[in-house]
Amino acid sequence: MKRFLSVLLMFAIGMGILAGCDGGTIEELSAPELGERIQQTVSFQDMKQGDLEKLQKLYQIEAEKVENFILYTASSNVKADELAVIKVKDASDTENVKEKIQQRIEAQTIKLKDYRPEEYFLIEKHVLKTNGQFVLFAVSKEVDQIESVFDEALK
């Protein structure tokens, strides 16, 4: 009986240790934490961080639908670089947020198509996707790395 309890206790301790190693669930992950992971791979050096006012100005997303977010935009209005990771309060709002970001993409496309072809190219290969409560929008030369970190973090 003692041996059985000993094995059971060791099993419980082992499971507790393994449970502590998973880094939390997707629901516990925040957009700023996801942004930090992206920043470990991609430099935001030439970008400026945006606030809620900028988020609303660019995408017309209602503040009450957003749990948290990160936003980085190009430091110049003739550049297309942009990164937004938005965690909505309710996963059913992700499609609405995607639609609003799509309007931004269309506006940027019109603005840069003839004026800045190299920036237009970046917009054309943008990433706009959702996973659970998260929406990712990225316009960057390093869009593949950004998407990879996003996907890996939300497995």
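Visitor: How many aromatic pairs does the structure hold?
Guide: Two, in this predicted model.

Visitor: Why is the pair of Phe 44 and Tyr 72 called tilted?
Guide: The ring centres of Phe 44 and Tyr 72 are 4.4 Å apart with the planes at 45°. Stacked needs under 30 degrees and edge-to-face needs over 60, so this pair is tilted. Phe 44 sits in the loop between helix H2 and strand S1, and Tyr 72 in strand S2, 28 residues apart.

Visitor: What makes Phe 44 buried?
Guide: Its relative accessible area is 5%, and buried means under 20%, so Phe 44 counts as buried. Tyr 72 has 13%, so Tyr 72 is buried by that cut-off too.

Visitor: What makes the pair of Tyr 59 and Phe 137 edge-to-face?
Guide: Their planes are 90° apart, and over 60 counts as edge-to-face. The centres lie 6.2 Å apart, and the limit for a pair is within 6.5 Å, so they do pair. Tyr 59 is in helix H3 and Phe 137 in strand S5, 78 residues apart. Both are buried.

Visitor: On to pockets. Which residues lie nearest the centre of the largest pocket?
Guide: Ser 43, Asp 46, Met 47, Asp 81 and Ser 140, out of 19 lining residues. The volume of that pocket is about 310 Å³. Strand S3 and helix H5 each give two or more residues to its lining.

Visitor: How does the lining of the second largest pocket divide by class?
Guide: Into two nonpolar, five polar and eight charged residues. Lys 54 and Arg 104 are among the residues closest to its centre, and Lys and Arg count as charged.

Key: Residues numbered from 1 in each chain as written. Predicted model: local features only at pLDDT ≥ 70, side-chain atom pairs only at ≥ 80, totals over all residues. Heavy atoms only, no water. Phe/Tyr/Trp six-rings, centres within 6.5 Å; stacked < 30°, edge-to-face > 60°. Helix = DSSP H or I, 4+ residues; strand = E, 2+ residues; numbered from the N terminus. Buried < 20%, exposed > 50% of the residue type's maximum accessible area, 1.4 Å probe, protein only. 1 Å grid on protein atoms, 1.4 Å probe; cavity = no way out; pocket = protein on both sides within 12 Å on 5 of 7 lines; lining within 4 Å. Points joined across faces, edges and corners; volume = space filled by probe spheres on them.
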